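Here is a short report for a first look at this structure. Begin with the sequence and the model below.

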Amino acid sequence: MSNRARNRDSAGRGLGDWFATQIANLGEFMLDRVAGVGDVAIFSLKTVGWIFARRQRRDVLLPSFYQIGVLSLPVVALTGLFIGMVLAVQSYSQFRAMGLQTRLGAVINLSLVRELGPVLAATMLAGRVGSAMAAELGTMRVTEQIDAMESMGANPIYYLVVPRFLGCLILIPTLTVMADFMGVLGGYLYSHLLLGIDYHHYWTNSREYVDAFDFLMGIFKTFFFGAAIALVSCHRGFNCDPGAEGVGRAATNAFVHSFMLILVLDLFLGIGLDNLQDIFHPEGPRKLL
Amino acid sequence: MPAPAKAIRRDISDPPVIEIQNLSMRFGDHQVLRDISLVLPAGQTLVVIGESGCGKTVLLKAMNGLLRPTLGEVRFEGIPLARMNEHELARIRTRYGFVFQGAALFDSLTIADNIAFPLREHTRLSAAEISDIVESLLGEVGLPQSVATMKPMQLSGGMRKRAGLARALALDPHLILYDEPTTGLDPIMSDVINELILRARSRDGVTSVVVTHDMHTARKVADVILMLYPLSRLPPGEPQVIFQGTPHDLDNCSDPRIRQFIEGQAGTRLSELKDEQARDQAQSTPPTPEHSQHTEDET
């Protein structure tokens with residue numbers, strides 16, 4: 001009988017026992033979470049270790065790169081295009097009320113390259129690739145394919161996790177560049193063609209307020225997002241519960257956990273990089289308005 | 001039809017291929033194996049039988065280190081598996097072949113790539129040499145060359161099992177482990193697999209362990225049969241191995257538990273299952289105040 005079941009059984013013997021049971025359950029829950037984090041950390045260290053321990057085979061690496069990068073490109077491009085247009089729609093009325101509609105380019109492009117492009121690309125990757133990776137590896141676990149690999153003396157982390165990890169790590173910046181580009185394009189097309197904002201003012205203001213640091217800051221963050229998506233998703237797949245329900249839960253958890261981690265990482269990286277920007281620009285932030 | 005005479009090549013100077021001492025396996029609160037000991041000399045075929053859930057597959061996976069024992073030791077050719085690190089374990093596993101219950105072929109690879117996988121991983125053979133070996137292994141298990149380019153999902157269950165056997169044979173293993181090799185197959189295909197197990201054993205006196213509940217397979221391929229009994233139904237203190245001997249000894253055994261299994265008779269099992277279910281329900285239902293009062297009155 002599990003501890004939690006024992007704890008449940010002791011319920012109903014008085015208020016003191018009930019509190020003791022709740023505290024014991026909370027303690028067990030916390031221990032499970034800590035053990036889970038430790039498990040992911042060991043899994044991550046093993047993955048990094050295998051990157052350097054043995055060179056990846058081309059025929060293993062390329063299919064992963066194709067799945068992660070090439071097949072994600074259309075969906076990332078499309079969402080980037082629309083998010084750029086949505087930004088133009090949402091910002092225009094506010095800026096026009098202040099007579100600053102010519103600065104629309106600055107706010108759209110700054111939001112895109114610093115925040116929306118990287119987070120959008122990472123979210124699309126977590127949804128499209130992360131869940132698929134967890135489901136694929138989960139199915140391999142359930143159908144004993146991972147055991148078969150181990151029983152042949154091949155390391156499953158080297159064969160199954162490292163190619164996916166490298167694919168996410170290397171290709172998410174390129175997907176972000178695509179999301180940024182399409183977002184900038186969408187924002188401009190909507191602003192120029194439908195809102196009638198002048199080409200010259202739109203781009204002059206953009207150039208003035210968006211610099212290389214903003215773009216590189218966005219790209220830098222994506223390496224962390226890519227690594228988090230790959231490690232969380234592969235870990236979920238490797239530790240999948242038996243049956244179709246287990247595989248489904250692994251795929252869902254892979255997306256939910258990756259998405260939460262992307263947002264948490266985005267916050268802390270944003271704070272850290274803002275402080276770094278203060279060092280390079282001691283004169284303070286440029287004023288948009 | 002009687003089983004064909006088996007040519008068993010043994011060398012008494014060889015250490016046992018598998019030696020298990022006091023093996024116990026526990027998953028959380030659930031104990032599956034308790035105090036199992038066995039010695040398997042080179043060239044022999046051991047068949048492990050027993051009811052579902054008695055720990056046969058767990059025993060098989062402990063034999064090649066896929067599962068680490070909770071207590072006890074497993075030695076392969078005299079080397080204790082528990083003391084090996086991951087790298088050493090990976091190297092020694094090249095001397096094993098493992099045929100999984102569902103074949104466990106890699107879905108994303110073709111049959112040829114599946115069979116070639118251990119060769120690419122552990123040898124420096126050229127692509128042409130690997131291709132030749134794959135071709136010969138396909139022939140050995142009776143699969144047409146046309147399946148080489150197919151994916152596992154395009155094959156029938158029997159073909160997948162044979163492809164799994166071909167992959168297990170690729171590195172010329174010393175020991176082949178079969179997990180339920182005939183489960184889910186028609187009687188003819190089951191016998192084809194039995195013949196292939198016998199044929200695989202004739203390759204340099206390969207040692208085999210076959211986990212099955214198919215008594216036809218057990219009688220046909222076994223030198224020694226070992227029967228496990230589920231711990232949940234075993235009285236405390238009784239050994240979990242309730243039979244170890246030749247197929248002939250098994251047929252002459254009078255133990256009602258063994259007779260019930262080999263004759264495939266439910267006997268009182270259905271009523272036992274209902275009792276177990278009722279007991280589980282009683283344990284999972286929290287006692288009501290009336291019940292508690294009643295119990296106190298009784299005491």
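In chain B, B:F27 stands opposite B:H30 of strand β2(B). Strands are DSSP runs of E with at least two residues, helices are runs of H or I with at least four, and both are numbered from the N terminus. The model is predicted: local features need pLDDT of at least 70, side-chain atom pairs count only at pLDDT 80 or more, and totals for chains, interfaces and linings use all residues. Residues are numbered from 1 along each chain as its sequence is written, while chains are lettered from A and ligands numbered from 1 in the order in which they are written.

β1(B) and β2(B) form a hairpin with 2 residues between them. In the turn, B:G28 has a positive phi of about 65 degrees. β1(B) also pairs with β4(B), where B:L71 is the bridge partner of B:S24. Strands pair if DSSP finds at least two bridges between them.

| Strand pair | Residues | Bridges | Direction |
|---|---|---|---|
| β1(B) and β2(B) | 18–27 and 30–40 | 7 bridges | antiparallel |
| β1(B) and β4(B) | β4(B): 71–76 | 5 bridges | antiparallel |

Now chain A. Helix α5(A) (residues 104–142) packs on helix α8(A) (residues 199–209) at an angle of about 50 degrees, with axes 7 Å apart. Axes are lines fitted to C-alpha atoms over the stretch in contact, and angles run from 0 to 180 degrees between N-to-C directions.

Finally, the two chains meet. The contact takes 15 residues from chain A and 19 residues from chain B. Residues are in contact if their C-beta atoms, placed from the backbone, lie within 7 Å. Helix α6 (residues 145–151) of chain A gives the most to its side, with 5 residues.

How values were computed:
Contact = placed C-beta atoms within 7 Å.
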